[in-house]
Amino acid sequence: MTKLSTKLATLGRTSAAKVHLVNPPITRGSTILFDNYEDFKQSHHNPYPSLDYARRGTSIIREVEDVICQLEEGIYTRVTPSGMSAISTASLALCAAGDHILVTDHAYGPARDFYENTLPQFGIEVDFYPPTIGGEISRYFKENTRFVHVESPGSFTFDLQDIPAIAKAAHANNVLVLADGSWASPILMQTLKLGADVAVQSLTKYMSGHSDVMYGAITAGNEEVRDKIHQMYTHMGMCTSPDDAYLVLRGLRTVELRLKQQQENALQVVNYLKTQDAVDYISCPMDPDHPQHTLWQRDFNGCSALFSFVLKKDYTEEKIAKFVDTLDIFHLGHCWGAYESLIYPDRPKRAFDCWSKDRIVIRLSIGLEDPQDLIQDLEKGFKAL
Ligand SMILES: Cc1ncc(COP(=O)(O)O)c(C=O)c1O
C-alpha cells in the first residue's frame, strides 16, 4: 500500500499530466462544455457526474476532493468554502425536523452556536453531552436521536473523546456519528476508521498551512450518508474557488513535514511551560500528564501543535492582557495550524463542569519558528505578569 508521504506527493495530479505540468492547472469556469449530446444526456442521469456545471466543481476541485477522500479513506468527498460550512452542511444533511442530535460540549465555538441557536429554528432538538463520556453516551440517546457530533480533542480544553466507544454505542442504537477531525487533520487521525460515518475538516488549518485560504471538506464513510451529503451540498449551492483549491493542494504537499516539526516545537514549549510557577494547568494530548494521554497514543499518529494552558487563579484578565501584549513572535488571532505561532485567550462556553470553568484559557498554536525564540518570547510575557 502506498505510504502517506508518497500519497501526499502524488495524489491530486491527474489533470496536471494532461498539460505536462507537475501541478494541476487552475480551472476557472462556469459553463462546462460537453463533447456531444450523448454525454450531455448521460450527465443528467448520473447522480454523481464528474464534471457537469462548475458550481459543482471543475477539474482542480475534483483533484482536492480525491486527495482528501483517499487520506480520510472515505467513499465520497465534497469541498466547501470553510470548515464551518462543512460542519453546517453535513449536519443539515443528516437530520430533519423532529430529530434529536447530540453535540459534544467542547465543540468548536461557532459550531456549538450553530447547533444551539440555528438548528432548533428548523425543529431539531439539540442536547450537549460531556465530551469524555465514551460508550456511556447511550444514556443520552432518545428514540429520535439521529446523530452525535464528536470533536477530538475538543476546542480549547483539548479533552479527548473515545470515538470508537461512542461510535459503537451510536451504531447499536441506529445513530450516526459526525466527526470534526480538524485538530489532527487526516494525517494524524482518520475519524472514519475510528467509526465515524462522516468526517469534516477545516482545511484552512494544517492541511493548507499558510494562513492564506479558507477551505473545508466533508467526507462520507458509507453510501447511506453519501447520498444525504450529496443532496444537501448540491441544494446549498456550495462552491469553492479554483484558486483556493490550488492553494490547498500546494499546502498539503508539505503537511506531514510541517506537522512533525510543529509537534517537536510544541513539545519544547509545553516542557518550558511546565517549569513556570505562574502556570496552573496545561492541556496537550502528547503530554504524559494529559488525563487521556493513553487514548491519544491509541488513536493518533502524532500530536498537532495546538494546545492550551491556564494561569493560576490570582492572575487577572488585566495581567493576562499584559502577558499577551508583551509577546512579539506570538500574534493574537482567531486561526491556528499555519506556519506562524498564534495566541488566543478565551473563556470557552460549557454546559458541563470542566477544568476550564470560570477560567481564561490561553490557546497556543505553535508554528515553525525556532522553539528557543518562542520560549524567549513567552519568557518576556511571564516577566511582565
Ligand atoms: C475544530 C475546528 N473545527 C472547525 C473550524 C472551522 O473552520 P474554518 O475556520 O475553516 O471555518 C475551526 C476553526 O477554527 C476549528 O477550530
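Q: What makes strand 5 and strand 6 (residues 198–202) a pair?
A: Three bridges join them in the parallel sense. Pairing takes at least two bridges found by DSSP between two strands, so they count as paired. Asp 180 has Val 200 in strand 6 as its bridge partner. Strands here are DSSP runs (E, at least two residues), helices are runs of H or I of at least four, and both are numbered from the N terminus.

This is a predicted model: local features need pLDDT of at least 70, side-chain atom pairs count only at pLDDT 80 or more, and totals for chains, interfaces and linings use all residues. Residues are numbered from 1 along each chain as its sequence is written.

Q: Why is strand 5 (residues 176–180) called mostly covered?
A: Five of its five residues are buried. Buried means 20 or more other C-beta atoms within 10 Å of a residue's own, with C-beta atoms placed from the backbone; 12 or fewer is exposed, and in between is partly exposed. Leu 176, Leu 178 and Asp 180 are buried on one side, Val 177 and Ala 179 on the other.

Q: How do you know that strand 4 (residues 145–151) pairs with strand 5?
A: Five bridges link them in the parallel sense. Phe 147 stands opposite Leu 176 in strand 5.
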